[in-house]
Amino acid sequence: MRRALVPLVLVLAGAAQADSTLPASPLAYTQLADPDQEAQAKALMETLRCLVCQGQSIADSDADMAGEMRALVRQRIAAGERPAQVRKWLIERYGDYVTYDPPLSWVTAPLWIMPLLLLGLGVLLARRLFQRRAA
Amino acid sequence: MKKLLIWLPLALFLLVFALVVNGLIEPSDRIVRSAMVGKPLPALHLPPMLADRPGIDTKTWPKGKPRLLNVFASWCIPCVAEAPQLMKLKAAGVQIDAIAVRDTNPDVLAFLARNGDPYARIGDDRAMRAQLSLGSSGVPETFVIDSRGVIVDQHVGDIREEDVPKLLAALEKAK
């Protein structure tokens with residue numbers, strides 16, 4: 001029994017060591033005193049991707065890096081920066097992948113254009129069908 | 001027309017099948033690479049982590065020779081795995097600076113005593129600010145900085161034996 005537990009203990013020990021033991025920055029888990037600024041920061045955090053736990057936003061994640069990114073966002077907003085500036089700063093470093101609100105470019109244009117095209121196609125199709133029935 | 005339509009389900013099946021097989025053979029790349037490659041080093045001012053060598057300050061960044069900037073942490077297990085390769089690079093005459101992420105002085109001292117010490121300078125990046133400024137999304141990562149202080153390459157993850165010649169070539173190109 002004891003021997004069977006050894007691999008399990010090793011695995012758990014590895015997992016426990018894979019993060020820093022230092023406490024997170026104060027602003028990672030503390031809201032800003034100004035409710036307006038906190039609301040801005042929170043809205044921004046919900047649209048920024050956690051880079052270690054991709055698929056989560058930094059507002060949702062407990063990863064070390066997400067915590068430090070929240071602290072960075074709050075610090076910059078508290079210092080008077082606008083959310084768009086903070087987003088731009090991060091995009092300059094990590095590319096568009098870091099934001100869940102991708103800017104319009106040739107690569108992302110189909111996301112906006114396709115629904116319009118499909119809707120137009122649907123209208124055309126419907127018109128033809130209804131005309132046939134009327135006749 | 002109907003004869004052809006009979007084949008449509010099979011064609012659709014093959015299309016989906018090909019998509020799945022492709023996803024299995026070549027899983028999508030989840031690595032987030034820095035968008036700072038090709039740009040000058042961002043302003044970094046990190047206090048020294050150890051008493052015996054300076055921290056990282058881009059104002060006094062030594063130019064004229066390419067260098068490696070290694071982002072590491074004593075609590076990071078792949079960093080232990082890449083340590084021997086960094087020692088090899090150091091032995092080949094490469095200057096290696098480091099950013100210690102969310103780390104403490106005693107932990108870094110113990111890490112270097114155990115795994116070798118390839119670093120000329122070590123900056124203390126307690127709050128990950130330097131790491132975020134560099135567009136680095138984890139530890140370990142290694143940036144190749146050319147002789148003018150421009151980031152020219154990024155290695156994500158631990159440096160394996162087969163990566164050493166690639167890094168040496170990148171450093172040679174960065175002269």
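This note goes through the predicted model of chains A and B point by point.

1. Residues are numbered from 1 along each chain as its sequence is written, and chains are lettered from A and ligands numbered from 1 in the order in which they are written. Because the model is predicted, local features need pLDDT of at least 70 and side-chain atom pairs count only at pLDDT 80 or more, whereas totals for chains, interfaces and linings use all residues; side-chain values use heavy atoms, with hydrogens and water left out.

2. Chain A has five helices and zero strands, where helices (H or I, at least four residues) and strands (E, at least two) are DSSP runs numbered from the N terminus. Of its 135 residues, 30% count as buried, a term that means under 20% relative accessible area, with exposed over 50% and partly exposed in between (1.4 Å probe, protein chains only). Residues 24 or more positions apart account for 54% of the chain A contacts with a separation of 6 or more, contact meaning heavy atoms within 4.5 Å.

3. Helix H2 (residues 35–45) and helix H3 (residues 64–78) of chain A pack at an angle of about 140°, their axes being 9 Å apart. This makes H2(A) oblique to H3(A); angles under 35 degrees count as roughly parallel, over 145 as roughly antiparallel, 65 to 115 as roughly perpendicular and the rest as oblique. The axes are lines fitted to C-alpha atoms, for helices over the stretch in contact, and angles run from 0 to 180 degrees between N-to-C directions. Among the residues that meet are A:Ala41 and A:Leu44 in H2(A), and A:Val73 and A:Ile77 in H3(A).

4. A:Ser25 lies in the loop between helix H1 (2–17) and H2 of chain A and is buried, with a relative accessible area of 14%. Leaving aside residues up to four places away in sequence, A:Ser25 touches A:Glu68, A:Ala71 and B:Ala127.

5. In chain B, five strands form an open sheet of mixed pairing in the order S5-S4-S3-S6-S7, two strands being paired if DSSP finds at least two bridges between them. The edge strands are S5 and S7 (151–156), each of which pairs on one side only, and the twist averages 20° from one strand to the next. Strand S3 (residues 67–72) and strand S6 (residues 141–145) of chain B pair in the antiparallel sense over five bridges, with B:Phe143 in S6(B) as the bridge partner of B:Leu69.

6. Although S5(B) is an edge strand, five of the five residues of S5(B) (residues 121–125) are buried, so this strand is largely enclosed by the rest of the structure. B:Arg121, B:Gly123 and B:Asp125 point one way, and B:Ile122 and B:Asp124 the other. Five bridges join S5(B) in parallel to strand S4 (residues 96–101) of chain B, and B:Ile122 is the bridge partner of B:Ala98.

7. Some backbone geometry in chain B may be worth a look. The peptide bond from B:Val139 to B:Pro140 is cis, with omega near -10°, and B:Pro140 lies in the loop between helix H5 (129–134) and S6 of chain B. B:Arg102, which is not a glycine, has a positive phi of about 45°, lies in the loop between S4 and H4 of chain B and counts as buried at 2% relative accessibility. B:Met128, also other than glycine, has a positive phi near 65°; B:Met128 is placed in the loop between S5 and H5 of chain B and is buried at 4% relative accessibility.
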